[in-house]
Amino acid sequence: MTFEAMFAKVKELLSGADVSGIGEHLAYQFNITGEAQGIFYVEVKDGLLHVEPYSYNDRDAAFTCSAETLFKIASGQSDPVGAVFLGKLKVEGNIDKALKLKSLLPSES
């Protein structure tokens with residue numbers, strides 16, 4: 001899978017996220033390792049969700065993982081906190097804001 005294909009899939013998965021209740025600015029950078037290696041960011045600003053294929057220098061947190069782990073988290077099949085404990089997701093930055101990523105993701109079934 002290419003980075004472009006992976007990014008399109010993640011953007012689609014996050015497109016339905018309801019960010020209307022998030023009153024603060026959140027900015028996350030994702031560093032994808034492995035086959036679909038690349039960088040993108042997710043930002044909540046002024047009640048809108050932005051997902052773009054660029055690095056974000058003034059981010060609150062950075063996440064590093066494989067595309068497979070990212071898909072499981074973004075689709076609600078895997079808990080991001082659990083992925084950290086299993087060593088599948090590395091988190092750097094503001095942990096309080098990083099934990100708010102879960103509010104952007106679908107609920108686990």
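Biologist: Why is phenylalanine 63 called buried?

Modeller: Phenylalanine 63 has a relative accessibility of 2%. Buried means under 20% relative accessible area, exposed over 50%, and partly exposed in between, with a 1.4 Å probe and protein chains only. The value of 2% is under that limit, so phenylalanine 63 counts as buried. Please note that this is a predicted model, in which local features need pLDDT of at least 70 and side-chain atom pairs count only at pLDDT 80 or more, while totals for chains, interfaces and linings use all residues. Residues are numbered from 1 along each chain as its sequence is written, and side-chain values use heavy atoms, leaving out hydrogens and water.

Biologist: What makes the pair of tyrosine 28 and phenylalanine 63 edge-to-face?

Modeller: Rings of Phe, Tyr and Trp (its six-membered ring) pair if their centres lie within 6.5 Å; planes under 30 degrees apart count as stacked, over 60 as edge-to-face and the rest as tilted. The ring centres of tyrosine 28 and phenylalanine 63 are 5.4 Å apart and their planes stand at 65°, so this is an edge-to-face pair. The pair links distant parts of the chain, with tyrosine 28 in strand β1 (residues 26-33) and phenylalanine 63 in strand β4 (residues 61-66), 35 residues apart. Tyrosine 28 is also buried, at 1% relative accessibility.

Biologist: How many aromatic pairs are there by this rule?

Modeller: The count comes to six aromatic pairs. In one of them, the rings of phenylalanine 3 and phenylalanine 7 have centres 6.1 Å apart and planes at 20°, so the pair is stacked. Both residues lie in helix α1 (residues 3-14), four residues apart, about one turn of the helix. Phenylalanine 3 is buried at a relative accessible area of 15%, and phenylalanine 7 is buried at 11%. Phe3, Phe7, Tyr28, Phe30, Phe40 and Phe63 form one aromatic cluster.

Biologist: Which helices and strands does the whole chain contain, and in what pattern?

Modeller: The chain has four helices and five strands, where helices (H or I, at least four residues) and strands (E, at least two) are DSSP runs numbered from the N terminus. Along the sequence, they follow the pattern α-β-β-β-β-α-α-β-α.

Biologist: How do you know how compact the chain is?

Modeller: The radius of gyration, taken over C-alpha atoms, is set against a globule rule of 2.2 Å times the number of residues to the power 0.38. The chain has a radius of gyration of 13 Å, close to the 13 Å from the rule for 109 residues, so it is as compact as a globular protein of that length. Its C-alpha atoms fill a box of roughly 35 × 30 × 25 Å along the principal axes. Of the 109 residues, 41% count as buried.

Biologist: What makes helix α2 count as largely enclosed?

Modeller: Six of the eight residues of α2 are buried, so this helix is largely enclosed by the rest of the structure. The buried residues are Ala67, Thr69, Leu70, Phe71, Ile73 and Ala74. They pack against α1, β1, β2 (38-45), β4 and α3 (80-85). Threonine 69, with a relative accessible area of 10%, is one of these buried residues. Contact means heavy atoms within 4.5 Å, and threonine 69 touches Ala83 and Lys88, not counting residues up to four places away in sequence.

Biologist: Why is aspartate 46 called exposed?

Modeller: Aspartate 46 has a relative accessible area of 72%, which is over the limit of 50%, so it counts as exposed. This residue is placed in the loop between β2 and β3 (48-52).

Biologist: What is the phi of aspartate 46?

Modeller: Aspartate 46 has a positive phi of about 55° although it is not a glycine. Most residues other than glycine have a negative phi. Just after α2, glycine 76 also takes a positive phi, of about 85°.
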